[in-house]
Structures are given as C-alpha cells and as structure tokens.
Amino acid sequence: MRIAINDITISYSDEGKNGTPVIIFIHGFPFNKSMWNLQVKELKDNYRVISYDIRGHGNSDAGNGDFSIELFVKDLLSLMDALKIDKTVLCGLSMGGYIALKAIENHPERFDALILSDTHCIADTSEVKEKRMKAIESIRNSGIEKYADESIKNLFAPESFTTREEEIAVVRKMIVKTAKESLCKTLLALSVRKETCSKLAEIKVPVLIMVGKEDKITPPAAAQLMHEKIKNSFLNIIEHAGHLSNLENPGDFNEHLKKFVASVY
Ligand code: MLT
C-alpha cells in the first residue's frame, strides 16, 4: 500500500485487525520493510502490525532534500497521523532504533512501549564517521555491488554464512536495490545524528532490548548500557545471531517479542 505524507509517498504494509493494539516496525540501513516479514506473520493474528519503507528505501520515495534522523521521525509521526494511530508499540532495528529513540524523546505521549533491536544510543565516533565518508566514496566510484559485499561481511554472525545463506542473499538484494543517492544521503544523516543516551532515563514506558550475541556493529555491551539507563527495560542476548538478530534467529527473537508485547497490553 502507498500513502502520501510530507513531500513523498511511503510504501507500507498494514496487517491484522483494526481496533487491536498497534505495533510499528522500522527497518535498519539499508534494508526495507520486508526484513520484518517473519515478525509480522507471527503477530498479525492478535495485533495491527505495520511496517514501512523509510524514505529512500524499498518502494518509498526519496524526496528532494537531505535526510536526517529528525526527518525520518517526522515521516513516522506523519504516517501515524495519516493512518489514525494515536499510540503504538514501536520496534526498530539499528537505524530503526535510532529513529525510535529520537521519536520517543520528542513525542513520548505517542508510544506505549519500545523494542530496540541491535541498536545503540551513541553518536558516531570520528572513526565511524570516516568509514561512512569512505563508503560514500566507494559507492560513487565503485558501485553498490562492492558496497553490498563489504557490508554483508559485518552484518551476520560467522555461523550464519553457512546456516542462513538464503537470508544473506535476500539482504544483499535489499542493499543492491537501494538507490545510490539514497545510500549516500542516509550515510550522511547517520554520521551527523545526535546521541540519545542522555535522554534514556526519561523513558517511562517498558522497553525490550534485544541484540545478537555476535553483533559487531552495535555489540551486546552497547545494549547493556541502554539497559542500565532505561529503568523499565529488559535485555535479551540472542544466540546464533549477529547484527540482524530477527533474521538470524527468528525463533528466539519472536518468542521474546511476543511475550513482551503480550505483557504491554
Ligand atoms: C543499520 O543496520 O541500520 C546500520 O548498521 C546502522 C549504522 O550503520 O549505524
């Protein structure tokens, strides 16, 4: 389905029953809403489950201007307004988590609970910023295929390269299908994003934090730090998973997810 919000059209999926509690899923970079298919399937019998493509990703338009986490939050709130969703549980993976943390910082009244998966609250270090600039250069000079191959190496747990070949191929396709310009604009947006660690103590709603045991990008120690700062939070380390824990170990991920959402409503 598609809906016009702000200066763009967003592609989204809206499943389950109207009138049941809402859960919105936000994907990571540079993926799209299909990365949540297994979670949507698991929850749609009992909840209204929405996933959408962030601006410039999947089938959503990019618009003309620069990207920022604040703009992605504005899109999320506009999507909620357009779909007449007053309050929701918000689940974000990695960049989706950055958006979720910024959204609850600025609009706490719109969220009943958060699920933060494979994400962290810190801003980019100068080393990470430099890597992002090199990635932009590489995308512009050598193309997306090479960028996708380099990215894949860091996204998955070592064992997933033999046990999750299909998932890896699907993720590679998601990266390759993202427009060059959107990749570069998002990398820039990520590099200048603000930290949210100093705001975590203000979060009043329940928060489930999950992270792949082998996550190299947002490691378990970063999840532990958020857990310590958010009063009403629960932490689960997902075995047999790297940065994409919902795809690498959907069994454990979905078990924790369902239990948590049931405890909220
Ligand atoms: C993601 O999965 O969204 C990215 O790893 C986020 C990032 O690069 O900071």
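**Briefing: cavity and ligand site**

A search of the whole structure finds 1 cavity of 30 Å³ or more; a cavity is a set of points, on a 1 Å grid over the protein atoms alone, where a 1.4 Å probe fits but cannot get out. This is a predicted model, in which local features need pLDDT of at least 70, side-chain atom pairs count only at pLDDT 80 or more, and totals for chains, interfaces and linings use all residues. Residues are numbered from 1 along each chain as its sequence is written, and side-chain values use heavy atoms, with hydrogens and water left out.

**The largest cavity**

- The largest cavity holds about 50 Å³ of space, a volume being the space filled by probe spheres set on the points.
- Its lining (residues with an atom within 4 Å of a point) consists of Ile69, Tyr98, Lys102, His120, Cys121, Arg193, Lys194 and Thr196.
- By class, this lining of the largest cavity has 3 nonpolar, 2 polar and 3 charged residues.

**The ligand site**

- The ligand sits in the largest pocket; a pocket is an open set with protein on both sides within 12 Å along at least five of seven lines, and sitting there requires more than half of the molecule's atoms within 2 Å of its grid points.
- Around the ligand (a heavy atom within 4 Å) are Gly28, Phe29, Phe31, Ser94, Met95, Tyr98, Arg132, Ile217 and His243.
- This shell comprises 5 nonpolar, 3 polar and 1 charged residues.

- Polar contacts are pairs of N or O atoms within 3.5 Å.
- A polar side-chain atom of Ser94 is 3.0 Å from an oxygen atom of the ligand.
- For a side-chain N or O atom of Arg132, the distance to a ligand oxygen atom is 2.8 Å.
- For His243, the corresponding distance from a side-chain N or O atom to a ligand oxygen atom is 2.9 Å.
- The protein covers 92% of the 270 Å² of accessible area that the ligand has on its own, by the Shrake-Rupley method with a 1.4 Å probe.

Conventions: Nonpolar A, V, L, I, M, F, W, Y, C, P; charged D, E, K, R; others polar. Polar contact = N/O pair within 3.5 Å; in protein donor to acceptor, adjacent residues only side chain to side chain.
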